[in-house]
Amino acid sequence: MATQTISVTLQYEKSIGRAEFSGPGFRNPVAMARGEDDTMYVVSRSYEYRPDGKRITICTTDEDYVGEFARGVTDQGEGEATSADGALIWPTAIAINSEGNVYVADEALDRVSIYNQDGEFLGKWEKSGSGDGEWSKPSGLAFGQGDVLYMVDSGNNRVQKFAKDGQFLGQWGSKGTGDGEFNMPYGITVDANGDVYVADWRNDRIQKFSSDGQFLMKFGSHGSDPGELDRPTDVAVDGDGDIYVADWNNERLQVFDRDGNYLTHTEGEGTLSKWGAAKLDGGNPEMWHERAVAQGLEREKLFWGPIAVEVDDDGKIFVVESARSRIQVFRKQYPRYYGPGESMPGTVGGVGSGRL
Amino acid sequence: MLRVIVRISGSFSVIRRVGTIGTPRDLASPGFWQNVNVESHEKYLYTEGERMAEQDIALMAHLMRRAGFGSTYEELERRVSAGYEATVDELLNPEGQPDLDMDILERHFIDWRDMNALEVNQAYWTYRMINTQRPLQEKVALFWHGILCTGNSKCEHGRQVQLQLDMFRELGMKTFPEILRGLARDPAMVFYLDNCMSHKGAINENWGRELLELFSLGVGMDDEANYSEDDVKEAARAFTGWTITNPIPRYPYGRYESNFIYNPYDHDEEEKTFLGETGNFNGDEIIDIICKQPSAARFVARHLYNFFVADEAEVPAWQRTAPRDPEAIKLLEEEYYRSGYNIGAMLKVLFNSDFFKNARFEKVKSPTEVVIGTMRLVRDFTEPKLGLHPLANTIRYMGQDLMNPPTVEGWHTGKEWIDSGTLVERINFAADQLGNIGLPGVKDIVSRIESEQITNPEGLVDRCLEMVGSYQLADETRGQLVEHAGKGGSVTPGTQEYSQCISEVLQLIVATQEYQFA
C-alpha cells in the first residue's frame with residue numbers, strides 16, 4: 001500500500017462579533033491582537049462620517065465584553081473626526097509588546113499611538129517623512145524578539161525596525177518587484193525564529209526575511225487559483241511554521257507550508273456569534289423570523305473583506321472581516337502520515353507523528 | 001501678416017489686416033492700440049489661429065460640461081488636438097478608457113467593500129465622478145438616476161441602490177428596451193415600487209403606473225393621453241411574479257443584496273390587452289410594446305434634450321407644453337427609430353448637432369455638476385484622503401441627495417435648483433475651492449497665466465474665464481472683475497500678489513451668475 005498524505009484542513013470553531021458603533025461589537029475591523037489569557041484587542045476603522053465607531057474593543061475569545069478605548073467621539077460632535085492624542089482616524093494595525101502595552105498604527109495621521117493594556121494613552125510616535133525613522137502610511141506592526149517593533153512603512157515601500165521606546169534600529173526595502181522590494185506592502189508578522197514575513201500587497205506575494213532584513217523566500221503570484229494571491233493584506237505563522245495569508249480580493253484564507261507550498265484554503269464558514277444572537281434576542285426578535293425565511297443565507301458563511309489574520313499560542317486562527325464586522329475562528333487539523341503498519345488518527349493502531 | 005480680430009461684447013469680428021507688428025501677446029498690450037486705428041478696442045486681440053483655438057476650446061469645454069462634469073484647460077487642449085468628433089466617439093465608448101483602481105480605493109476607504117450605508121455610497125459616487133476617465137458613462141448614470149428613480153429612503157440599503165447605478169453604467173447607452181428590462185429586474189426598483197407585492201389576482205399597480213407615466217411614455221403628448229387606466233392595470237398583471245429574494249436582515253453582520261427572481265406560480269397567465277394589442281403578455285413583451293410607441297420616442301428625446309442640451313419645462317407639463325426645439329426633438333426621435341431605440345446613437349446625433357453646439361450655458365447646473373465640475377477643475381480628491389464625506393454632503397446641502405431623490409419623480413431641475421439658500425451654498429463652495437492656491441488645479445491656472453506674462457487686468461480676467469471653461473460674462477460683470485483685478489495696481493508674475501490676484505479673479509468668476517450655468 002502506497003503512502004498517502006492527508007492534507008491540512010481548517011476546522012471552523014465559531015464567529016465573534018457583530019456590527020456596532022460602540023459596545024460589544026466592531027465596525028469595519030481591520031486588525032486584532034491577542035492579549036494576556038483569553039483577551040483580544042480589535043481595531044475598528046468605521047466610516048469617515050461615523051468616527052464614533054473608530055475604537056479598540058477589548059473582549060475575550062469567549063465574547064465577553066471587557067471595554068473599549070480610543071473611541072472617536074469628539075467635542076465637535078459625532079460626525080467630526082479628531083486627531084487628538086489617543087484618537088484614531090484611519091487605523092491599520094495593532095501589536096502588543098511583552099509588557100502588555102498596545103501599539104496602534106494610523107495611516108491618516110502617520111502616527112503610532114501607545115496605550116497600556118487597559119487602554120490608557122501612554123504616548124505617540126509621529127514622524128511623517130521618508131528618512132530613517134520616519135514613515136508614510138504605516139500599515140503593519142509586529143513585535144519580534146527583544147520587543148523590537150517591525151513596522152510596514154507602506155508609503156515608502158519598506159520595513160523599519162524600532163526599539164519599544166521608538167529608537168530607530170534599521171530598515172530595508174524600496175519600491176519594485178524584485179526580491180526585497182515592495183509595492184504598497186500591508187501586513188507583517190514575526191515567527192518563532194524571529195524571521196519576518198511581509199504581505200507584499202500590490203505584488204501579490206509574501207516575502208520572508210531574516211530579522212535584519214536579509215531576503216529568504218517569496219511565494220505567490222497574481223491570480224485566483226489555489227496558491228495564487230490577489231492583494232494579500234496580512235500574514236501569520238503558527239508554531240509549526242505553517243503560513244496563513246489573508247487573500248483579500250479572493251475573499252479567502254490560504255494556508256502554505258514553511259516553504260511556501262500551498263496546503264489548503266477556506267472561504268469562510270461563519271455562523272451566528274454569541275453577540276449576534278444576543279442582538280436578535282434583545283430587541284430585534286422579528287429578525288429571527290426574517291432569517292428563517294431569508295433566501296441566500298448561506299452567503300453569511302463566506303468571508304467578506306478578510307483583511308487580517310492572527311494565530312495565537314493555542315493554535316487558534318482568527319480571521320478579521322472588515323465588511324462583516326466579525327472574526328471567524330478556526331483550528332488547524334494536523335496532518336499525519338499513514339501507511340503500512342499505521343492507522344488513521346483516532347483509530348486503533350499506530351498513529352503517524354511526522355509533520356509534513 | 002496677421003489677421004487682427006477684436007472681440008466686442010462677446011462676439012468676434014475681423015476688422016482689418018495689419019502688417020507684422022509683433023507677437024500675439026504684443027497685440028494684447030495696451031500700448032499697441034496707440035498705433036491702431038479702430039473705434040472699439042476695449043478687448044484684447046487674437047490672431048486668427050488663436051481665435052480658432054479659443055473657439056475650439058470653448059466648444060470642447062461645452063461638450064465636456066455636458067457629456068461629463070467639466071475638464072481642466074490642459075485636458076481641453078488635448079481633446080481639441082484629438083478633435084471634436086473623435087472626443088464624442090471616445091465618450092460614447094467608455095470601455096476604451098481604464099476604470100478606477102478599486103483595490104487601492106477599497107484599501108483606504110475600507111467601508112467601500114460592502115457599501116452598506118447611503119453616505120458611504122454617496123462618497124463613493126462623488127469620488128467616482130471626480131476621477132472617472134469615462135465621464136459620459138457616469139453622466140448617463142446620473143441622467144437615468146434622475147428619471148428611473150429609486151430612493152434609499154425606502155430601500156434602506158445603499159449598496160442595493162448602487163447596484164442599480166452599476167446597471168445604468170452598463171446599459172445606460174444601450175437600447176431603451178434593454179434599460180427598461182434591466183430596470184424591471186432591478187431588485188431596488190422591484191422593492192421601491194412594490195412589484196414584489198403585486199400578485200396574480202391581487203395586483204399592486206405602483207410599478208405598472210410609474211413604468212408608463214414616469215419611466216417610458218409620460219402622461220401624454222401633444223395634448224393627448226398616452227395610455228389609459230386599463231393599460232396600467234394590464235401592465236401590472238403582466239409583471240406579476242417579477243419579484244425578489246427575501247432579504248437577510250441587517251443584524252448582526254450587515255445587509256446583503258437581494259436578487260431578482262421570477263415566480264411563475266405567481267404570474268398572471270391570462271390574456272391582456274395593452275395599448276391596443278392583445279395577448280398573453282409577460283413583462284418583456286409589455287416593454288417591447290412600450291418602446292415602439294411614438295410617445296416613447298418623444299419621452300426619450302425630450303429627456304435627453306432636457307438633460308444634455310437645454311432646460312425644458314418641468315416634466316409634468318410636457319403633455320401640454322411643446323418642446324422648446326421641435327426640430328431637435330424630431331431629429332432625435334428619428335434616430336430613436338433608425339437605430340433600434342439606441343441611446344448611444346441618439347447621443348451621438350445630439351452631441352454632433354448644431355442645436356447642441358449652439359446651446360452653451362442654456363442649462364442651470366445641478367448641484368452634482370457644480371460640485372464635481374469644480375473639483376475636477378481644482379483637481380482635488382484625485383487620490384484617497386480624508387474629507388470625502390463632507391464633500392459629498394455638499395451636494396446634498398445644495399438640494400440633491402444623490403441616491404435618495406425626494407420622490408419617484410426625481411428632482412425638479414433647471415431654475416428650480418436655485419433658491420436663496422442653495423445659491424449661497426453654491427457660491428461659497430466654489431469660491432472656497434478656487435480661492436485655495438494650494439490646490440493643484442488652481443496652481444496650474446496660476447502657472448499657466450504666469451508663463452504667458454499677462455499683466456493687464458483685462459487680459460487676466462479674460463484668460464481666467466477661458467481657463468475655467470470659456471465662460472462669458474455680461475459686460476457689466478466683466479467690467480467689475482476687471483476693475484477688481486486692476487485695483488491693486490500692476491502685479492508682477494512670480495510674486496505672491498500675482499497668484500493672489502488670479503485666485504481672487506477665479507473666485508469672483510465662480511461667484512457669478514454665469515458660473516451657475518452649464
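A residue is called buried here if 20 or more other C-beta atoms lie within 10 Å of its own, exposed if 12 or fewer do, and partly exposed in between, the C-beta atoms being placed from the backbone. The structure on screen is a predicted model, in which local features need pLDDT of at least 70 and side-chain atom pairs count only at pLDDT 80 or more, while totals for chains, interfaces and linings use all residues. Residues are numbered from 1 along each chain as its sequence is written, and chains are lettered from A and ligands numbered from 1 in the order in which they are written.

**Stop 1: two loops of chain B**

Select B:Gln453, which lies in the loop between helix H22 (440-451) and helix H23 (457-467) of chain B; helices (H or I, at least four residues) and strands (E, at least two) are DSSP runs, numbered from the N terminus. Because B:Gln453 has 12 C-beta neighbours inside 10 Å, it counts as exposed. If you then draw a distance from B:Gln453 to B:Ala184, C-alpha to C-alpha, you will find 58 Å in space for two residues that are 269 apart in sequence.

Now move to B:Ser71, in the loop between helix H2 (48-67) and helix H3 (73-82) of chain B. Is B:Ser71 buried or exposed? With 21 C-beta neighbours inside 10 Å, B:Ser71 counts as buried. Leaving aside neighbours within four places in sequence, B:Ser71 is in contact with B:Met64, B:Leu76 and B:Arg376, where contact means that the C-beta atoms of two residues, placed from the backbone, lie within 7 Å. The C-alpha atom of B:Glu383, 312 residues away along the chain, is separated from that of B:Ser71 by 17 Å.

**Stop 2: chain B as a whole**

Along its principal axes, the C-alpha trace of chain B spans about 85 × 55 × 40 Å. Of the 518 residues in chain B, 49% are buried, and among its contacts with a separation of 6 or more, 72% are between residues 24 or more positions apart.

Select helix H17 (residues 343-352) of chain B and colour its buried residues, which are B:Ile343, B:Met346, B:Leu347, B:Leu350 and B:Phe351. These cover an arc of only 130° around the axis, which puts them on the same side of H17(B); the arc is that of the directions from the helix axis to the C-beta atoms.

**Stop 3: where chain B touches chain A**

Show both chains, and note that 21 residues of chain B are in contact with 35 residues of chain A. On the chain B side, the elements that give two or more residues are helix H6 (118-131) and helix H20 (388-397). That side has twelve nonpolar, four polar and five charged residues, with Ala, Val, Leu, Ile, Met, Phe, Trp, Tyr, Cys and Pro counted as nonpolar, Asp, Glu, Lys and Arg as charged, and the others, Gly among them, as polar.

**Stop 4: strands of chain A**

Select strand E4 (residues 39-44) of chain A, which is mostly covered, five of its six residues being buried. Strand E3 (residues 29-34) of chain A pairs with E4(A) in the antiparallel sense over five bridges, pairing being called when DSSP finds at least two bridges between two strands. A:Met32 stands opposite A:Val42 in E4(A). E3(A) and E4(A) form a hairpin with four residues between them, and A:Asp37 in the turn has a positive phi of about 50°. E4(A) also pairs with strand E5 (residues 55-60) of chain A, antiparallel and over six bridges, and here A:Thr39 stands opposite A:Thr60 in E5(A).

Further along chain A, an open sheet of four strands has the order E15-E16-E17-E18, with antiparallel pairing. Its edge strands, each pairing on one side only, are E15 (188-190) and E18 (215-219) of chain A. Three bridges join E15(A) to the antiparallel strand E16 (residues 196-200) of chain A, and A:Thr189 stands opposite A:Tyr197 in E16(A).

**Stop 5: a helix of chain A**

Finish at helix H1 (residues 274-281) of chain A, whose buried residues are A:Trp275, A:Gly276, A:Lys279 and A:Leu280. Seen down the axis of H1(A), these fall within an arc of 140°, so they line one face of the helix. Helix H2 (286-293) of chain A is included in what covers them, and just after H1(A), A:Gly283 takes a positive phi of about 130°.
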